[in-house]
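Good morning, colleagues, and thank you for coming.

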Amino acid sequence: MRVPNSVVLPVGTHVDCCREGEVEEKRSDIMSKIAAMLVERKNNLAHFINNLEDNEEPEFYVDQWERLKEMENHMLTILDLVAVNCTNHRDIKRLEATILEHVRNEELFPEVVRVLPPVYRQVEAAIVDIAQGEEVAEHGMMDLQYLLSKLSLREHLASLDRELLQDILRYLHRIGLIVWYEEIKHLESTVFLQPTFLITMFRLLVRYRLVQQLESIS
């Protein structure tokens, strides 16, 4: 909701746990709740903005008013929910095809036809090569400056500087090739070349009934 012109594809899993006819019922219920949530968000923003404008000293709240107005102008596109059975490979492929179909829709993503500079592809290919090399640990964590030095050793990337690399890493983070939490102070200098490692870690740490499991340990 805070990302300008964001597109959201709701995905419902565990179709295999639903009774016949229950999937469509749940799909309809979820989509109606999302629609109600968006209406509530719009009304709340309008209410907060009006309160600031009616304030006796509105000049003290200009920054807050501008942020709310910016959020009010953010368009949020909600696509139709896709229901999948995660144990069925065909459903996973169908979800993949649906995502690709939406991503290629120029009305939803006007920038999809934007041509990237060649250096973006060169860095992407080099990072994939580095990540698959024997020197990189299984967790795939690498210091940003060290990654820059490794990339700079390659002849066609010798002039790569830190600022350009950071721009490229933001792009690679958005497409899911790497993970880089630049907004987190303790992680801003660490690049995760193997996102699947993080998924494995989160799956071990964040799990169903975790609190109850921990409480059961003496």
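Domain bounds, as used here, come from an automatic or database domain assignment. On that basis the protein is divided into domain 1, residues 7-104, and domain 2, residues 118-201. Taken over C-alpha atoms, the centres of domain 1 and domain 2 are separated by 31 Å.

A word on the basis of these values. This is a predicted model, in which local features need pLDDT of at least 70 and side-chain atom pairs count only at pLDDT 80 or more, while totals for chains, interfaces and linings use all residues. Residues are numbered from 1 along each chain as its sequence is written, and side-chain values use heavy atoms, with hydrogens and water left out.

I turn now to the helices. Helices (H or I, at least four residues) and strands (E, at least two) are DSSP runs, numbered from the N terminus. Axes are lines fitted to C-alpha atoms, for helices over the stretch in contact, and angles run from 0 to 180 degrees between N-to-C directions.

How do the axes of helix α4 and helix α6 cross? Helix α4 covers residues 118-131 and helix α6 covers residues 162-174; their axes come within 10 Å and cross at roughly 75°. Angles under 35 degrees count as roughly parallel, over 145 as roughly antiparallel, 65 to 115 as roughly perpendicular and the rest as oblique. Helices α4 and α6 are therefore roughly perpendicular to each other.

Which residues meet between these helices? From α4 come V119, Y120, R121, V123, E124 and I127, and from α6 come L164, L165, D167, I168, L169, Y171 and L172, where contact means heavy atoms within 4.5 Å. By class, this contact of α4 with α6 has ten nonpolar, no polar and three charged residues. In this scheme Ala, Val, Leu, Ile, Met, Phe, Trp, Tyr, Cys and Pro count as nonpolar, Asp, Glu, Lys and Arg as charged, and the others, Gly among them, as polar.

Two residues in this contact deserve a separate description. Buried means under 20% relative accessible area, exposed over 50%, and partly exposed in between, with a 1.4 Å probe and protein chains only. V123, in helix α4, is buried, with a relative accessible area of 0%. Not counting residues up to four places away in sequence, V123 touches L151, L157, L160, L165 and I168. The C-alpha atoms of V123 and L165 are separated by 8.2 Å, although the two residues are 42 residues apart along the chain.

Leaving aside neighbours within four places in sequence, I168 is in contact with V119, Y120, V123 and L160. I168 and Y120 are 48 residues apart along the chain, and their C-alpha atoms are separated by 6.0 Å.

Next, a strand and a loop. T190 has its place in strand β6, residues 190-192, and is buried, with a relative accessible area of 17%. T190 touches M141, M142, V179 and W180, not counting residues up to four places away in sequence. H14, found in the loop between β2 (11-12) and α1 (22-53), has a positive phi of about 60° although it is not a glycine.

Finally, the cysteines. A disulfide is a pair of cysteine sulfur atoms within 2.5 Å, and by this rule the count comes to zero disulfides. C18 is in no disulfide, the nearest cysteine sulfur, that of C17, being 6.7 Å away. C18 is partly exposed, with a relative accessible area of 23%. C86 is partly exposed, with a relative accessible area of 46%.
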